[in-house]
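Subject: Handing over the structure

Hi,

Here is the structure I promised to pass on. Have a look at it first, and then read my notes below.

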Amino acid sequence: MPRAIFNFPSGFLWGTATAAHQVEGNNLNNDWWAWEQGEGNIRNGDKSGKACDWWAGRRWREDFDRASETFQNAHRLSVEWSRVQPEPDRWDETALDRYREMLLGLKERGMIAMLTLHHFSNPQWLMEMGGWENDEAVTLFGAFVRRAVQALAPHCNLWVTINEPNVYATGAYLGGGFPPGRNDMKAALKVLSNLVKAHALAYQVIHEIQPNAQVGVAHHWRGFIAGDWNPLTRQAVRLYDQVFNNSFAQALQTGRFDARMLREAIPQAKGTQDFIGLNYYTRETIRFDLTRSKDMYTRRFFRKDLELSEGGFLANDPEGFKQCIEWGNRFGLPIYITENGAEDSKDDFRRKYLVEHVHQMWHMVNFNFPIKGYFHWSLVDNFEWERGWTQRFGLWGLNEETQARVRRPSVDLYAEICRANALSSEMVEKWASAALNRIMPV
Ligand code: FCB
């Protein structure tokens with residue numbers, strides 16, 4: 001067997017990503033907390049509770065230690081709007097102090113911070129005003145961004161305005177199990193277009209405060225593959241691709257929002273990205289199916305030859321990662337992989353998934369795709385939205401009752417990658433030998 005070292009460029013960022021509501025705990029004032037109290041909204045009736053106890057117990061300190069001791073040099077985290085602005089006319093400076101502390105904590109550990117300003121959760125007061133369907137949400141978000149960035153800019157210049165606007169809009173307004181639990185295409189597209197406007201405003205506000213800021217969006221790109229030759233299947237693939245994958249990012253490039261059933265000129269959005277953030281998990285196959293009116297007449301599934309994660313939530317499909325990066329490269333901007341990872345309490349699937357995706361990324365870097373960093377989802381198991389605690393995405397496991405962290409083998413695999421700024425055939429052999437023949441030429 002030949003040996004190989006797949007090196008990454010110097011200065012490459014290696015980290016993990018987290019989101020406020022998923023790790024902080026006791027976010028009493030947002031829409032997710034309210035949603036968790038409702039029966040049947042979260043799998044098993046799970047609640048975020050203390051989550052990873054980053055807020056009350058300040059356990060971000062020990063988790064950042066874990067990250068830095070295992071050679072991660074960056075971390076992506078998010079700010080919880082409802083903490084900074086608990087009521088429409090009240091700002092909580094002590095909350096901003098806490099985030100400042102976290103950013104300083106990263107700096108002290110020699111880690112670069114990437115800060116997300118909206119990661120799915122919203123202040124409950126905003127939802128009572130109609131949430132993102134209400135056009136006022138755009139200016140309200142702009143005001144929050146101004147406060148947050150004024151306070152935190154001295155310690156951060158990499159900003160993600162909005163995490164996965166497409167997942168948020170469909171999750172919350174197209175039956176995806178997020179609050180407010182609506183199922184209304186018109187509302188979903190209206191929300192998506194308001195998120196374009198909110199991003200554009202945030203971009204402008206951030207640059208006004210910090211001219212050298214790097215501002216982007218964490219785009220969730222999902223591959224849709226036609227599962228048969230039915231022309232209606234092809235049409236469905238094109239529709240999904242345009243509405244889900246393209247419409248948001250295109251609007252930020254051209255100033256024109258085209259979600260087929262809603263088209264709108266949003267000129268202020270044109271040219272409002274300094275980098276492209278890519279969240280890639282999987283691709284899926286689609287077939288037109290007349291019996292499934294609820295699911296836009298489609299059936300979606302994973303290809304039979306792909307290995308599925310523990311709960312069947314995603315497939316190990318690094319070929320899709322290549323497509324995702326090619327898609328991101330259309331915009332001619334630097335690229336960060338803002339999320340990529342797998343649910344796996346047994347930490348067997350994850351190791352294969354990790355090495356195969358890092359290997360795919362290396363391949364793309366060597367064809368000069370301008371990838372600047374990779375953030376694995378996630379550092380430690382955390383509250384997985386409507387899936388509660390049933391999915392385990394952490395390099396470290398978590399016992400949410402005792403708050404004990406469990407070091408999974410992936411921690412050490414990822415540490416070796418981060419330390420070497422490379423993946424090697426020896427690492428693959430040691431940690432994920434089943435993936436060796438997919439990575440090495442024989
Ligand atoms: C992404 C979300 C992130 C996490 C992962 C598993 O869609 O951005 O918060 O839930 O999926």
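What follows is a short tour of what turned up. Please keep in mind that this is a predicted model.

**The ligand and its surroundings**

Which residues surround it? The shell is made up of Q22, H119, F120, N163, E164, Y281, E339, W377, E384, W385 and F393. Sorted by class, five of these residues are nonpolar, three are polar and three are charged.

Several side chains bring polar atoms to the oxygen atoms of the ligand. In H119, a side-chain N or O atom is 2.8 Å from a ligand oxygen. For E164, the corresponding distance from a side-chain N or O atom to an oxygen of the ligand is 2.5 Å. E384 also takes part, with a polar side-chain atom 2.7 Å from a ligand oxygen. How much of the ligand does the protein cover? On its own, the ligand has 290 Å² of accessible area, and the protein covers 95% of that.

F120, which is one of the residues around the ligand, has a positive phi near 70 degrees although it is a residue other than glycine. F120 sits in the loop between β4 (112-118) and α6 (124-128), and with a relative accessibility of 4% it counts as buried. W377, another member of the shell, is joined to S378 by a cis peptide bond with omega at about 15 degrees. S378 belongs to the loop between β14 (371-376) and β15 (396-399).

**Other backbone details**

A cis peptide bond is also found between P179 and P180, where omega is about 10 degrees. P180 is in the loop that runs between α8 (165-173) and α9 (185-209).

N44 is not a glycine, yet its phi is positive at about 60 degrees. Where is N44 found? Its place is the loop between α2 and α3. Is N44 buried or exposed? With a relative accessible area of 64%, N44 is exposed.

**Salt bridges**

Side chains of opposite charge can pair when their charged atoms come close. Searching the whole structure gives 42 salt bridges.

E101 pairs with R58, and their closest N and O atoms are 3.1 Å apart.

R283 and D317 form a salt bridge with an N to O distance of 2.7 Å. Here R283 comes from strand β11 (residues 283-288) and D317 from the loop between β12 (298-301) and α11 (318-329), so parts that are 34 residues apart in sequence are tied together. Both of these residues are buried.

R299 and D289 also meet in a salt bridge, at 4.0 Å from N to O. Since R299 lies in strand β12 and D289 in the loop between β11 and β12, the pair ties together parts ten residues apart in sequence. R299 has a relative accessible area of 32% and is partly exposed, whereas D289, at 18%, is buried.

Salt bridges can share partners as well: D53, R59, E62, D63, R66 and R405 are joined in this way into one network.

**Helix α12**

Finally, take a look at α12, a helix of 18 residues (residues 349-366). At 1.5 Å a residue, α12 should span 26 Å, and this agrees with its end C-alpha atoms, which are 26 Å apart. How many of its residues are buried? The count is 16 of the 18, so α12 is largely enclosed by the rest of the structure. After α12 comes N368, which has a positive phi near 65 degrees.

Enjoy exploring, and write back with any questions.

Best wishes

Notes
Residues are numbered from 1 along each chain as its sequence is written. This is a predicted model: local features need pLDDT of at least 70, side-chain atom pairs count only at pLDDT 80 or more; totals for chains, interfaces and linings use all residues. Side-chain values use heavy atoms; hydrogens and water are left out. A salt bridge is a side-chain nitrogen of Lys or Arg within 4 Å of a carboxyl oxygen of Asp or Glu. Helices (H or I, at least four residues) and strands (E, at least two) are DSSP runs, numbered from the N terminus. Buried means under 20% relative accessible area, exposed over 50%, partly exposed in between (1.4 Å probe, protein chains only). A residue is near a molecule or strand if one of its heavy atoms lies within 4 Å of it. A polar contact is a pair of N or O atoms within 3.5 Å; within protein, one must be able to donate a hydrogen and the other to accept it, and residues adjacent in sequence count only if both atoms are side-chain atoms. Accessible areas come from the Shrake-Rupley method with a 1.4 Å probe; for residues, only the protein chains shown count as cover. Ala, Val, Leu, Ile, Met, Phe, Trp, Tyr, Cys and Pro count as nonpolar, Asp, Glu, Lys and Arg as charged, and the others, Gly among them, as polar. The expected span of a helix is 1.5 Å times one less than its number of residues.
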